[in-house]
Amino acid sequence: LNDNQNFRNGFDWTTDFKRTFPNSEREFSVAFQISDTNSEQENTIDQNGTTVDYQEDFLNLNDGLNREYTAQVDYVHPVGENVKVETGVKSVIRRIDSDYSTLTRLGDAPFQPIASQTDEFAYTQDVYAGYLSFTLKMGKRNSLVAGARYERTTIGGEYEENPVVPFTQEYDNILPSIIFSHQFPNFSNLKASYSQRIQRPSLFFINPFTQVGDPNNLTVGNPELDPEIVDQFELSYGAFVKGTSFNLALFYRRTTDIIEGFVTVNPMTNVSETNYLNIGENNSVGFNLFTSRKIGKIGTVRIGFNLFTYDAESTVEGIDLSRTAVVWGGNAGGNVNLPRDWKFDFFGFARSRRQTLQGENPSFWLYGMGLRKEFNKRFSLGLRAVEPFNRTKNFPSEIEGDNFFQRSDFRIPFRSIGISLRYNFGQLDFKGNRRGRGTKIKNDDQKDGGGGDF
């Protein structure tokens with residue numbers, strides 16, 4: 001019997017200052033952001049009455065604090081009519097604390113901690129970056145954007161109880177990008193681009209907390225992971241015709257030092273342990289398709305689809321691994337305007353099974369809908385449902401190693417119904433005085449973990 005309780009709270013604070021200049025694209029902006037998340041996890045595993053050889057109960061605890069500070073300065077300066085220069089600096093300071101423990105007992109005896117799975121871990125990740133890019137207009141229909149970003153990352157971690165020497169890591173990256181675009185007369189455009197980006201491991205992958213799914217299945221994070229480096233070439237075409245927008249992109253993506261879970265099974269105890277490694281290289285080709293259609297006064301429909309290959313190889317512990325597969329995903333959504341200021345919203349998406357070098361992770365699909373009443377421009381009230389006709393979601397997976405084959409089916413409650421309330425205070429308009437992209441802080445440099453799957 002597994003009883004898992006989670007509590008999470010947090011806040012985000014963002015402050016922006018922007019200075020624009022009359023009759024000019026010249027612009028200066030400063031932004032500062034704090035993001036704070038606290039979490040508490042308690043997982044109790046009760047094996048009384050089971051038929052396995054051991055009858056140990058487990059208590060798995062993890063209290064975490066994840067805080068992120070971001071400061072950014074950007075400056076845009078036109079040079080003549082055909083050249084624009086953009087430059088800026090950015091700093092992201094991350095502080096992560098994890099107080100974790102695993103305890104066990106036999107029968108009704110009190111829980112006793114397992115020393116190797118109990119500690120307090122402090123992790124720091126500091127990123128300092130600067131960029132410079134040039135936009136060149138070549139005639140009325142062609143433009144070229146070229147630039148590069150320099151990033152320096154410093155990492156540190158230490159354990160309070162474990163006598164292991166604290167570890168540090170530093171690395172520098174120069175990340176180039178170039179985009180060529182051509183504007184056609186009929187509101188369509190063609191773009192060709194190359195970019196390199198970095199994906200640092202998020203807390204999901206680095207936390208050394210031992211997560212006990214059950215006594216036979218353990219998952220442990222790896223704080224010494226390197227980042228993924230992604231090189232992407234892309235060719236895209238976009239158009240807008242009579243209320244319909246359309247975009248198609250073809251791409252080739254090469255990822256080195258890919259981060260994946262690697263499962264090993266102890267042949268003596270049959271205990272499965274998942275560790276996260278920089279496991280190898282992946283080469284993908286694929287396409288993205290998106291279209292949106294406004295249907296008169298009735299509403300709007302949006303549809304997206306992507307398909308790409310998974311083609312990875314690696315050598316882990318002397319074992320050569322390789323795997324190829326085709327992965328796809330799609331989404332659809334929209335809204336319908338009903339009489340008397342009622343609105344109906346709907347959304348849904350589906351994703352095929354994710355691939356790893358050892359096998360397949362669960363596929364996933366989800367749908368929801370909502371009905372809301374707009375009483376005036378300030379106030380609306382609605383009802384929203386997610387998976388109203390399915391009580392649970394199933395996540396089957398299959399993993400294979402040198403000495404094992406593992407099939408699992410993870411099932412969780414998913415159906416939910418909620419009330420949405422919206423009220424706008426005053427006459428603040430954060431869009432009216434903005435030119436361009438608005439708030440520029442967007443920290444998308446971390447590889448997503450389990451939360452993104454749901």
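Me: Is Gly221 buried or exposed?

Reply: Keep in mind that this is a predicted model. Buried means under 20% relative accessible area. Gly221 has 12%, so Gly221 is buried. Gly221 lies in the loop between strand 11 (217–220) and strand 12 (228–241).

Me: Which residues is Gly221 in contact with, leaving aside neighbours within four places in sequence?

Reply: The contacts are Phe205, Ile206, Asn207, Pro208, Phe209 and Tyr276. Take Ile206, 15 residues apart from Gly221 along the chain: the two C-alpha atoms are separated by 4.6 Å.

Me: Now charge pairs. How many salt bridges does the structure hold?

Reply: The structure holds 21. One of them joins Asp126 and Arg95, with the closest N and O atoms 2.8 Å apart. That pair links distant parts of the chain: Asp126 sits in strand 6 (residues 119–138) and Arg95 in strand 4 (residues 83–106). Asp126 is buried at 11% relative accessibility, whereas Arg95 is partly exposed at 32%.

Me: What is the N to O distance for Arg353 and Glu360?

Reply: Their salt bridge spans 2.9 Å. Arg353 is partly exposed at 24%, and Glu360 is partly exposed at 23%. Elsewhere, salt bridges with shared partners join Glu68, Arg94, Arg149, Glu151, Arg200 and Asp445 into one network.

Me: Which residues form a negative surface patch?

Reply: Patch residues have no salt bridge. Here the patch consists of Glu40, Asp63, Asp97, Asp99, Glu120, Glu158, Glu160 and Glu161. Glu161 is in the loop between strand 7 (142–159) and strand 8 (167–183). Its relative accessible area is 56%, so Glu161 is exposed.

How values were computed
Residues numbered from 1 in each chain as written. Predicted model: local features only at pLDDT ≥ 70, side-chain atom pairs only at ≥ 80, totals over all residues. Heavy atoms only, no water. Patch = residues over 30% accessible without salt bridge, like charges linked within 9 Å, V, L, I, M, F, W, Y side chains within 5 Å. Areas by Shrake-Rupley, 256 points an atom, 1.4 Å probe, with all protein chains shown as cover. Salt bridge = Lys/Arg side-chain N within 4 Å of Asp/Glu carboxyl O. Lys, Arg positive; Asp, Glu negative; His and termini not counted. Charge placed at Lys NZ, Arg CZ, Asp CG, Glu CD. Helix = DSSP H or I, 4+ residues; strand = E, 2+ residues; numbered from the N terminus. Buried < 20%, exposed > 50% of the residue type's maximum accessible area, 1.4 Å probe, protein only. Contact = heavy atoms within 4.5 Å.
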